[in-house]
Amino acid sequence: MDSPLPRRLKAARLSCQLTQRELGVCLGMEENTASARMNQYEKGKHAPDYQTMQRLAKVLGVPVAYFYCDDDLLAKLLCAIAKQPKEKQEQLLRELGEDE
């Protein structure tokens, strides 16, 4: 199975209405190479390191785990839960019986 990272990265970028160049520049990449580097990530030719993924997640407003989750429903849940305040997240864990 192919990594979900490329398509999730592209989906998150488009959701934020950013071009590849704009996203790369937000991460501190050189303006003249930002688009090409982001394109390589989205095409799956190269994978960013974890530190870069953390920065991407922050800029795009999604949890890092979203990029690696191979289940679409779970990926959506991760994003929805991450947007909740910590108290609500803890409440959800208690309700699911997973707070042990």
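**Exercise 1. The chain as a whole**

What percentage of the 100 residues of the chain count as buried? Then describe the secondary structure of the chain and its extent.

*Solution.* The model is predicted, so local features need pLDDT of at least 70 and side-chain atom pairs count only at pLDDT 80 or more, while totals for chains, interfaces and linings use all residues. Residues are numbered from 1 along each chain as its sequence is written, and side-chain values use heavy atoms, with hydrogens and water left out.

Step 1. Buried residues make up 32% of the 100 in the chain. Buried means under 20% relative accessible area, exposed means over 50%, and partly exposed is in between, with a 1.4 Å probe and protein chains only.

Step 2. The chain has seven helices and zero strands; helices (H or I, at least four residues) and strands (E, at least two) are DSSP runs, numbered from the N terminus. In sequence order the pattern is α-α-α-α-α-α-α.

Step 3. The C-alpha trace spans about 50 × 30 × 20 Å along its principal axes.

Step 4. Take the contacts with a separation of 6 or more: 47% of them are between residues 24 or more positions apart. Contact means heavy atoms within 4.5 Å.

**Exercise 2. The nonpolar core**

Find which residues have the most contacts inside the largest nonpolar core, and follow Leu9 and Leu60 to their partners.

*Solution.* In soluble globular proteins, nonpolar side chains tend to be buried together. A nonpolar core is a set of buried Ala, Val, Leu, Ile, Met, Phe, Trp, Tyr and Cys residues joined through side-chain atoms within 4.5 Å.

Step 1. The largest core has 21 residues, and Leu9, Met38, Leu60 and Phe67 have the most contacts inside it.

Step 2. Two or more residues of this core come from each of α1, α3, α4 (50-60), α5 (64-68) and α6. Helix α4 gives the most, with four residues.

Step 3. Setting aside neighbours within four places in sequence, Leu9 is in contact with Leu23, Met38, Tyr41, Glu42, Leu56, Leu60 and Phe67.

Step 4. Leu60 belongs to helix α4 and is buried, at 6% relative accessible area. With neighbours within four places again left aside, Leu60 is in contact with Leu9, Ala12, Arg13, Cys16, Leu18, Leu23 and Phe67.

**Exercise 3. Salt bridges**

How many salt bridges does the structure hold?

*Solution.* Side chains of opposite charge can pair when their charged atoms come close. Here a salt bridge is a side-chain nitrogen of Lys or Arg within 4 Å of a carboxyl oxygen of Asp or Glu.

Step 1. The structure holds four salt bridges.

Step 2. Asp72 pairs with Arg7, with the closest N and O atoms 3.1 Å apart. Asp72 is partly exposed at 41% relative accessibility, and Arg7 is partly exposed at 46%.

Step 3. Arg8 also forms a salt bridge with Asp72, at 3.0 Å between the closest N and O atoms. Because Arg8 lies in α1 and Asp72 in α6, the pair ties together parts that are 64 residues apart in sequence. Arg8 is buried, at 5% relative accessibility.

Step 4. Glu31 and Arg21 form another salt bridge, their closest N and O atoms being 3.2 Å apart. Glu31 is exposed at 54%, whereas Arg21 is partly exposed at 35%.

Step 5. Through salt bridges that share partners, Arg7, Arg8 and Asp72 are joined into one network.

**Exercise 4. Gln89**

Is Gln89 buried or exposed, and which residues does Gln89 touch?

*Solution.* Step 1. Gln89 is placed in helix α7.

Step 1. With 18% relative accessibility, Gln89 counts as buried.

Step 2. Not counting residues up to four places away in sequence, Gln89 touches Ile81, Ala82 and Gln84.
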